[in-house]
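Please keep the sequence and the three-dimensional view at hand while reading.

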Amino acid sequence: MRFDGKTVMITGAGSGIGQEAAAAFIAEGATVAGIDLSEGGLASTGNMLGDGGRRFHAIVANVGDERAVRAAVEEAHSINGRLDIAFNNAGITQSSSLAADIPVDEFERVLRINVMGVWLCMREQIRLMLQQASGGAIVNTASFLSVHSMAMQTAYVASKAAVLGMSKNAAIEYAEQNIRINCVAPGGTPTGMMKQSLSGLDSDAEVAARQAIADMHPMKRLATTRDIANAVMFLSSQEAAFVTGIFLPVDGGWSAL
């Protein structure tokens, strides 16, 4: 029970990696404030956990909205009067487009959620953690693509590179205050985001595309959402008490190529 008595805030908790992380933290004793734009997604997470809402608190909020983020972080803090851990996981992808063909509004939307959303959440989380003698731990979802390239994904790649840069910079700024800030970098993971990126393909082509992505990893498989959640829990735990400012790939060896 590594997180017994801890309060954890997770964005993007209504599906995929965020949903899995919520289940994993609760299984190890934490109380989780789950933030998502989808009320239905949060309800699905709550139903999956089946604890009657005792240790999962659903908060509907848009991480790209400053006032909504401030209210959500304050509500998460109010559950137990503290915020020990934050997992800033909410993000969106883009349509497959060449760099010169991405509409301005789409580029701005990706940056608003993936970059501004992470910064807005970190800002409010850090402000609260500074008031705690124990500090806190923040994990941000970066990507294999924070440090690599992928054709037709310029906006997404730019956003995830920014998440890595922000996280490393904030980590050194608050290290003395015992606020640890790290990134987890998933490889290919079968979430709603992957499904969206493959939308438009017929079923056979989608299966082939998923296999092609899996084959890019030396381990020849996709990650599971639990693979990513396990890494997040390590970075959030006292086992990583002297770890800050790192980029932890969970990608079956892809980044080693």
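## Alanine 23 in helix α1

Alanine 23 belongs to helix α1, which spans residues 16-27; helices (H or I, at least four residues) and strands (E, at least two) are DSSP runs, numbered from the N terminus. With a relative accessibility of 17%, alanine 23 counts as buried. Buried stands for under 20% relative accessible area, exposed for over 50%, and partly exposed for what lies in between (1.4 Å probe, protein chains only). Leaving out residues up to four places away in sequence, alanine 23 touches Met48, Leu49 and Arg226, where contact means heavy atoms within 4.5 Å. From alanine 23 to proline 249 the separation is 226 residues in sequence and 21 Å in space, C-alpha to C-alpha.

## Basis of the model

This is a predicted model, in which local features need pLDDT of at least 70 and side-chain atom pairs count only at pLDDT 80 or more, while totals for chains, interfaces and linings use all residues. Residues are numbered from 1 along each chain as its sequence is written, and side-chain values use heavy atoms, with hydrogens and water left out.

## The crossing of α3 and α4

Helix α3 (residues 66-80) and helix α4 (residues 104-129) have axes that come within 9 Å and cross at roughly 40 degrees. The axes are lines fitted to C-alpha atoms, for helices over the stretch in contact, and angles run from 0 to 180 degrees between N-to-C directions. This crossing of α3 and α4 is right-handed: a crossing is left-handed if the near helix is turned anticlockwise from the far one by less than a right angle, and right-handed if clockwise.

On the α3 side, the residues in the contact are Glu66, Val69, Arg70, Val73 and His77, and they meet Leu120, Cys121, Arg123, Glu124, Gln125, Arg127 and Leu128 of α4. Sorted by class, this contact holds five nonpolar, two polar and five charged residues. Ala, Val, Leu, Ile, Met, Phe, Trp, Tyr, Cys and Pro count as nonpolar, Asp, Glu, Lys and Arg as charged, and the others, Gly among them, as polar.

Strand β5 (residues 136-141) contains asparagine 140, which is buried because its relative accessibility is 0%. Its side chain makes a polar contact of 2.9 Å with the side chain of serine 167. A polar contact is a pair of N or O atoms within 3.5 Å; within protein, one must be able to donate a hydrogen and the other to accept it, and residues adjacent in sequence count only if both atoms are side-chain atoms. Beyond its neighbours within four places in sequence, asparagine 140 is in contact with residues including Asn88, Val163, Ser167 and Cys183.

Asparagine 88 lies in strand β4 (residues 85-88) and is likewise buried, at 2% relative accessibility. Among the residues that asparagine 88 touches, not counting those up to four places away in sequence, are Thr11, Cys121, Ile138 and Asn140. Asparagine 88 and cysteine 183 stand 95 residues apart in sequence, and their C-alpha atoms are 9.4 Å apart in space.

## Cysteines

How many disulfides does the structure hold? There are zero, a disulfide being a pair of cysteine sulfur atoms within 2.5 Å. For cysteine 121, the closest cysteine sulfur is that of cysteine 183, at 14 Å, so the two are too far apart for a bond. Cysteine 121 is buried, with a relative accessible area of 2%, and cysteine 183 is buried as well, at 1%.

Most residues other than glycine have a negative phi. Asparagine 178, although not a glycine, has a positive phi of about 60 degrees; it lies in the loop between α5 (154-173) and β6 (179-186) and is partly exposed, at 39% relative accessible area. Lysine 220, also not a glycine, has a positive phi of about 60 degrees and is found in the loop between α7 (203-216) and α8 (225-236).

Threonine 244 sits in the loop between α8 and β7 and is partly exposed at 32% relative accessibility. A polar atom of its side chain lies 3.0 Å from the backbone nitrogen of isoleucine 181. In strand β7 (residues 247-250) is leucine 248, partly exposed at 24% relative accessibility. Apart from neighbours within four places in sequence, leucine 248 is in contact with Cys183, Val184, Ala185, Ala231 and Leu235.
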